[in-house]
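Please look at the sequence and the model before reading on.

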Amino acid sequence: MINIFEVNETNKMIEHENLDVRTITMGISLLDCVDSDLKKLNENIYNKITNCARNLVETGEKISMEYGIPIVNKRISVTPIALLGGAACHSSEDFVSIAKTLDRAAKEVGVNFIGGYSALVSKGMTPAEELLIRSIPRALAETERVCSSVNVGSTKTGINMDAVKLMGEIVLETAKATRDQDSLGCAKLVVFCNAPDDNPFMAGAFHGVTEADCIINVGVSGPGVVKTALEQVRGKDFETLCEMIKRTAFKVTRVGQLVAQEASKRLGVPFGIVDLSLAPTPAIGDSVAEILEEIGLERAGAPGTTAALALLNDQVKKGGVMASTAVGGLSGAFIPVSEDQGMIDAVNEGALTLEKLEAMTCVCSVGLDMIAIPGDTKASTISGIIADEAAIGMVNQKTTAVRVIPVIGKGVGETVEFGGLLGYAPIMPVNSFSCDAFVERGGRIPAPIHSFKN
Amino acid sequence: MKKTIITVVGNDTVGIIAKVCTYLADNNVNILDISQTIVQGYFNMMMITDTSASRKDTGTLSRELAELGDQIGVVIRCQHEDIFNKMHRI
């Protein structure tokens, strides 16, 4: 039987170390909503979402209350919208109307974000996909809860450089369209390589076409729990360190698995996956950078950071995989700058640069995430950053992404405040040498060879 | 049987157990096991209870116990046992 010490350990994690379930995300397929009449398409989408997710928020809150574990976000991901609009949408305007429908549906069921205003263009773009991509700046400026993502490359297909070029421009236009909110629109836009179909985390969540009609995915968190656990093994060898991370990740993930199973049972929706991610928040003690410091670095970004992050990421997976029946999504340590107080401090003190962050993305999940850059950064430079990150993902057969925010009207040294879970960020300098001619070439970078690994 | 773990943590004072037990009795919650220690001067109690005969659901019990805790000056949590079983047992 459970004893008082075990009970106290769990409750200490929840109360003092920010253990929570970061999100319950319901994935909803909208493929059966397709219609050639735009009005009917919008109506079908609204009805399907509000019907599937009507009990999502209430169920999440009940589970949270009964088990005494905070469930921070309840969210929805849907089929990439570019796949639905081919027959009904003849302009970017038409696609914006779908974004507004998604926003309305999200508000109706009470979720704080809805992801899937997306296009998967890793090899080529259909006219509908291009229209959707061109509509992103307006869609994000005119809605509140809609999140958008575009997959521009994969290990199997290579990188679609036409899409990369376009996305550099779109990121900048989105920043301009939301300039009065410090370019907040860009915080809701992710450019992926190897995007997963079942990611529950925003802004990159969408419900892939390989998925069932409706599923429940859960994202766990708990950087604070790992950090506190590691305080007990200060100065010990790497084996001891790794063992401690694995054990802690196991415990954290078990909570996610429990919540996922309960939510799935109560909502009558199949369980999809648990995403084993260490997702930081701006709260003190909820930071991945602080784990790196606890491992032995003065600040995140110091030499040794990439190695420390690699071991952290791997041990989290090893511990988490055993704790869950199905693992998926992004699964790894997140390193969003604005959402992690330790990262913000590291940038402010000059320990962490964009180039080091890029190196770190080679060994952990996601990529250049929530990084504020100067508003006068050129579109082609953003395309270059996207291409670099996509290349890392393509060659290493992993998911990478770019979510940078060119803050219009602000420059290096200034700070931008996004509020809430999105946090705040110092604006980081970007390499000012040009990559115009590279980006202008157009076409595709071919898929890498899968032999002669070096 | 629906087992619920109730924990009470806070400054030790007269009548904590009495008040919590009275509430549980009034709401038809059966106590299966109690363990209690004092950690660094703090009162620390865990009860394993069976709430299946109670008319109130775990959410309501949890909220009302938290309110009772506020009156006594302690923190009372009421959680389904599965969160602990899952985390600490394979």
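Helices (H or I, at least four residues) and strands (E, at least two) are DSSP runs, numbered from the N terminus. Read along the sequence, chain B then follows the pattern β-α-β-β-α-β-α, with 3 helices and 4 strands.

The model is a predicted one, in which local features need pLDDT of at least 70 and side-chain atom pairs count only at pLDDT 80 or more, while totals for chains, interfaces and linings use all residues. Residues are numbered from 1 along each chain as its sequence is written, and chains are lettered from A and ligands numbered from 1 in the order in which they are written.

**Chain B**

The 4 strands of chain B form an open sheet in the order β2-β3-β1-β4, with antiparallel pairing; two strands pair if DSSP finds at least two bridges between them. Because β2 (30–39) and β4 of chain B stand at the edges, each has a single partner strand and one side without a neighbour in the sheet. Strands of a sheet pair through backbone hydrogen bonds, either parallel or antiparallel. β1(B) and β4(B) pair in the antiparallel sense over 7 bridges, and T4(B) stands opposite H80(B) in β4(B).

| Property of chain B | Value |
|---|---|
| Radius of gyration, over C-alpha atoms | 13 Å |
| Span of the C-alpha trace along its principal axes | about 35 × 35 × 20 Å |

The globule rule is 2.2 Å times the number of residues to the power 0.38. With 90 residues, a compact globule would have a radius of gyration near 12 Å, so the 13 Å of chain B agrees.

**Helix α1 of chain A**

Helix α1 of chain A covers residues 4–16, and its 13 residues should span 18 Å at 1.5 Å a residue; the end C-alpha atoms are 17 Å apart, which agrees. The expected span is 1.5 Å times one less than the number of residues.

Which residues of α1(A) are buried? They are V7(A), T10(A), N11(A), M13(A) and I14(A), where buried means that 20 or more other C-beta atoms, placed from the backbone, lie within 10 Å of the residue's own. These residues cover an arc of only 150 degrees around the axis, which puts them on the same side of α1(A); the arc is that of the directions from the helix axis to the C-beta atoms. What covers them includes α7 (223–231) of chain A and, from chain B, β1 (3–11), β3 (42–50), β4 (74–80) and α3 (82–88). Just after α1(A), N18(A) takes a positive phi of about 60 degrees.

Methods:
Buried ≥ 20, exposed ≤ 12 C-beta atoms within 10 Å, placed from the backbone. Contact = placed C-beta atoms within 7 Å.
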